[in-house]
Amino acid sequence: MAILAGSARLKEPTFGRQETMTMAPSTPPGDHSTPAAADAAPDTQDTVHGPASAAAYGQQPRVVAPRPLNSTPPPDTLKQWLRDMMLIREFEIRSMQAYQNKLAGGFLHVYNGQEAVAVGCIGAAKHKDPVVTAYRDHGHALARGMDPKVGMAELFGRIGGCAKGKGGSMHFFDANNQMYGGHGIVGAQTPLGAGLAFATKYEDEVINGGDNTRVSLCFLGDGAINQGAFHEALNLASVLSLPVIFVIENNGYSMGTATARGTAGAGHLEDKAIGYDMCSTTIDGMDVITVWQAMKPLIDWCREHSKPALVDMQCYRFKGHSMSDPRKYRSHDEEHGWESEDPIGRLANHLTETGAMTADDIKAMGKTIRGEIRAAVDWAKASPEPGIEELHHDVYTDTWGPYTGTSLPEFMQRRASDRGNG
Amino acid sequence: MVREIEFRDALREAMSDAMRDDKRVFLCGEEVAQYNGAYKVSRGMLEEFGPRRVIDTPISESGFAGMAIGAAMLGLRPIVEFMSWSFSLVAADPILNNAPKMLYMSGGQLGCPIVFRGNDGAGGQLGSTHSWCVESLYANVPGLKMIIPSNPYDAKGLLSSAIKDDNPVFCLESERMLALKGDVPEEAYDIPIGKAVVRRPGTDCTIVSFGRPVHFAMEAAETLAAEGIDCEVIDGRSIKPLDRETIAASVRKTNYCVVVDQSWSFSSVGSEVAAEVHRLCFDDLDNHVHRVHNDDVPAPYAWNLEQEMLPNTRKICEAVRACTYNA
């Protein structure tokens, strides 16, 4: 079931991991039109009984992930992705500056290096597919369409922020863009991701009486896979047949701990799915085209069969875990090795090599983006701090004691009108 | 039409009424469907609503609580049954860190209309791990509401309100009261969250309690009446919001107050009520507020020790006598 989407290039550098990183498929990839166990799995729980005897315990056939596509999206899509990735990079460069200038407080975890993951996965999904992630969340929000102005204002703790300055860097929410956070506790978003999938499936099938139409994308770091919540979420997603894809953004380190130091089976994380009868795949997360080629059929399969999947998305964060991290646990050579795989450079090269863009086109794009983010910083600076009355607003939906209600209904109306698009 | 039914039936009626009314409402938890509920609260619901809306979960509180919260973020209205609130401790992160904070952290973009319900307090010789009273732990968290019905009528009306509420509501029931019978109207009705009720009018001392110990307070009031102390018993019904006004109005009349709270005393619902009564009724009090709690020990197994630990009738009588000695 191990599918290598992309080349075997990922063998080096290795984060100092165990040498089990060979990416050759251990079994031949399956045919996604006939996923092995998908049709055998029960639709409802009431058809399931315990085994008749000890001898009745047997090997279940494995659910196999669909093959990656060979096709490449049209140049306009690629240009959009290049723009999205450059926008995220520039946003992060300016957020780091803002943090150093004390315009942003708290913790700041930047996404540099991992842009292809959010952009490729979200590019392969539909806009109505919910997205949830952990605290390294700026990239996902921007890829989902969040205006960089409101993202920057959130970092600055201003009223113009996506959460009116109440969430901060780790809690980016954008309900209109189906972006459900931004969650600060490692692994806590994984059951939420299962719940988003539960809800979309329930809405489609129970309330509207149709077929499942949505897939939830639940991103997590490699550090989250040792949390109980992750395993509980995978188990629930499998037994309840929830259309959710858990994307492990495997950047090699949970904070400063190399994955292999804290995680058994670190060289083959996708195998965590085996125990949950879930299909899984490993993807080169440093190349946005490869990400899309593998994620597109996987998302389609999960949508069609209303089933979960697990992805080991191999990537690297170019910066530290957070702004206070001096990265002493890894070598410069390792960093330089991965920096040569920069997903922005790789896509830019592809576009120039195929003649879709010239170096000047890309330079001009960069200039436009720098202007856009500079404007976002200026807009965020000009946005006022939240009024003190906001302190007791949005705690409860109703008004009692010191609490002054919420702006939720306004958002809910907007969301209702947005539903079903995309 | 009013008929006499058990506490558990009243809870089920509230859930079933809500599920007939609103397709967004569903029930999930351990053994709620095929087994008909570990305590038969959800008996028959699978048959009526089917397995898509009455959902058996694995023993995975953190997982299914978090999953239900995710579903609520998207607009569904889950009811999550914890077989016991004691088991909710392994779901502390989702129920305390996600549900009550979602609205705030998202700046009002996403609500979390969800009900968590289950047995709270000593069930009868279950030992300390299964005898949690979570009210004082959880009531500390902003963003959630907490109800604690003491009889079938309140159970139906409060739970009905909880399911309609747009905020996370924790409903604390008691294994020891599930078979308690009481008059309950057949038709649906709501009891507002945050409103206490005077169970027994009196003139000499206010006893404030919540949930099962309300019954002990009522027994104590009868004993004390025979001694010439006429107690007014207030059933708080909700812990959050706390109905300070009803409590304060009573204390202004009686000038004495005893709080009976089945959780442990340190940083507790009881200490909160006492602090509020002191703040609101400082000039009306003829003695400081007295408190009756679980003894500050892990719940013991032995029957006699467990009974001694609980805020029982004898301890309430002693507290009222001590409080009103100068009357």
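Which side chain does that of Glu341(A) join in a polar contact of 3.1 Å? The views below come from a predicted model.

View 1. The side chain of Glu341(A) makes its 3.1 Å polar contact with the side chain of Arg346(A). Glu341(A) counts as buried because its relative accessibility is 13%, under the 20% cut-off.

**View 2. The two domains of chain A.** Domain 1 covers residues 62-386, and domain 2 covers residues 392-422. Their C-alpha centres are 26 Å apart.

**View 3. The contact between chain A and chain B.** Chain A brings 54 residues to the contact and chain B brings 45. About 4,300 Å² is buried between the two chains, and carbon and sulfur atoms give 64% of that area. On the side of chain A, the residues that lose the most area to chain B are Phe173(A), Tyr202(A) and Tyr396(A), which together make up 14% of what that side buries.

**View 4. Salt bridges and polar contacts between chain A and chain B.** Two salt bridges are counted between the chains. One of them links Lys145(B) to Asp398(A) through their side chains, at 2.5 Å from N to O. Across the interface, 19 residue pairs are in polar contact.

**View 5. Helices on the side of chain A that touches chain B.** At least two residues each are supplied by α5 (189-207), α6 (228-239) and α12 (408-418). The largest share, 14 residues, belongs to α5(A). By residue type, this side of chain A has 27 nonpolar, twelve polar and 15 charged residues.

Key. Residues are numbered from 1 along each chain as its sequence is written. Chains are lettered from A and ligands numbered from 1 in the order in which they are written. This is a predicted model: local features need pLDDT of at least 70, side-chain atom pairs count only at pLDDT 80 or more; totals for chains, interfaces and linings use all residues. Side-chain values use heavy atoms; hydrogens and water are left out. Domain bounds come from an automatic or database domain assignment. Buried means under 20% relative accessible area, exposed over 50%, partly exposed in between (1.4 Å probe, protein chains only). A polar contact is a pair of N or O atoms within 3.5 Å; within protein, one must be able to donate a hydrogen and the other to accept it, and residues adjacent in sequence count only if both atoms are side-chain atoms. Contact means heavy atoms within 4.5 Å. Buried area is the accessible area (1.4 Å probe) that two parts lose on being put together, summed over both. A salt bridge is a side-chain nitrogen of Lys or Arg within 4 Å of a carboxyl oxygen of Asp or Glu. Helices (H or I, at least four residues) and strands (E, at least two) are DSSP runs, numbered from the N terminus. Ala, Val, Leu, Ile, Met, Phe, Trp, Tyr, Cys and Pro count as nonpolar, Asp, Glu, Lys and Arg as charged, and the others, Gly among them, as polar.
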